[in-house]
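These are my notebook entries on one protein chain, written down in the order in which I looked things up.

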Amino acid sequence: MAEGNVIGEYLRARRELLRPEDVGLPDVDRRRVPGLRRSELAMLAGISTEYYIRLEQGRDRHPSTLVLDALARALHLDEHAAAHLHQLAAPAPRRTGRRRAEKVSEQIDALLRSLDRTTPAYVSDRLMNVLAANELATALLPVLTPGNNFVRAIFLDPVAGELYDDLDARQAAAAAGLRALAGPDVEDPDLTELVGELSVKSPDFRRLWSRHDVKPMHGALPWMGIRHPQLGPIELYHQKLEIPDTGGQILGLLYAEPGSKSEQAVAMLAATMGEPNAARSQDHPARRAQTPATGQVAGAATEKPGL
């Protein structure tokens, strides 16, 4: 596989996930490797086998829109995965340096603070680094402590396994969401460092990342089930809204069904906290962040009741 061949890597990964019976082909021969053969995918897409091989090997990196659409149909890609394939065909300009550290605006900080007695809320960046969170959010989910990377926490922090009802689904969504957020910018040094670390430390991440699944994590997300050590099971809706003119910052909101036991549990948790404080952020001197090396939260006994 040619270096930097993002289209070829994606096509091969998705091809290897399909079985002949998935696309209506007979499986009559013994296969040495999983998935469809290159010739079978080329036939389904209506292109020559030779041309498909050139695409997968990176010898042709400029397929037409018609070819991309045909490949997306042949691979049974959903709308998000098909859009990702088109993105890869027109990659972002090459960057040589790291992005500057991101900050949350004073207006968004005030918004988080205003929600501190009713709604757990946080802000994350394009790589799911938690930039800021209100006190209710970190009391409910310590993985939302500012300074954390959510993907790192969901795969490496033992607390995640204790909190989430469906950790496997959360991990799959995190890996697919990270790939969607990164898009074609696979040379981002911060992304490369994060993926490298997780690939070494987490076999589950390595397996999920190799699938090249793509699922944007924005808008209304599936409900979240958590197990709070003091309040018991809590079910929450999860909304992610993009903040305009921030380069991809996301406002996350967690809220329960009105009148439900989960809403009462969140209200009880809010009632145990002191007076409203400034939203927790990496830039606030009073805030403590989880250290990536150990996954432990400094001052957890006082900042997050019962966690």
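I began with His212, which I found in the loop between helix H12 (203-210) and strand E3 (219-228); helices (H or I, at least four residues) and strands (E, at least two) are DSSP runs, numbered from the N terminus. Before going on I noted that this is a predicted model, in which local features need pLDDT of at least 70 and side-chain atom pairs count only at pLDDT 80 or more, while totals for chains, interfaces and linings use all residues. I also noted that residues are numbered from 1 along each chain as its sequence is written, and that side-chain values use heavy atoms, with hydrogens and water left out.

The phi of His212 is near 60°, which is a positive value in a residue other than glycine. Is His212 buried or exposed? I looked up its relative accessible area, which is 12%, so His212 is buried (buried means under 20% relative accessible area, exposed over 50%, partly exposed in between, with a 1.4 Å probe and protein chains only).

Next I went back to the helix that comes before His212. In H12 I listed Phe205, Leu208 and Trp209 as buried. Why do they lie on the same side of H12? They cover an arc of only 100° around the axis, and this puts them on the same side of H12; the arc is that of the directions from the helix axis to the C-beta atoms. As a reminder to myself, an α-helix has 3.6 residues a turn, so residues three or four places apart point the same way. The buried residues of H12 pack against helix H8 (150-156), helix H10 (167-182) and helix H11 (189-201), where contact means heavy atoms within 4.5 Å.

Tyr122 has its bridge partner in E2, namely Ala133. Between the strands of this hairpin there are 5 residues, and Met128 in the hairpin takes a positive phi near 65°.

A further positive phi, near 60°, belongs to His76, again a residue other than glycine, and I placed His76 in the loop between helix H4 (65-74) and helix H5 (79-89). How do H4 and H5 pack? Their angle is about 145° and their axes are 10 Å apart, with axes taken as lines fitted to C-alpha atoms, for helices over the stretch in contact, and angles running from 0 to 180 degrees between N-to-C directions. On the H4 side I wrote down Thr65, Leu68, Asp69, Leu71 and Ala72, which meet Ala82, Leu85, His86 and Ala89 in H5.

My last entry is His84, whose place is in H5. His84 is buried, since its relative accessible area is 3%. Leaving aside neighbours within four places in sequence, I found His84 in contact with Tyr10, Arg179, Gly183 and Val214.

Definitions and conventions
Pairing = 2+ DSSP bridges.
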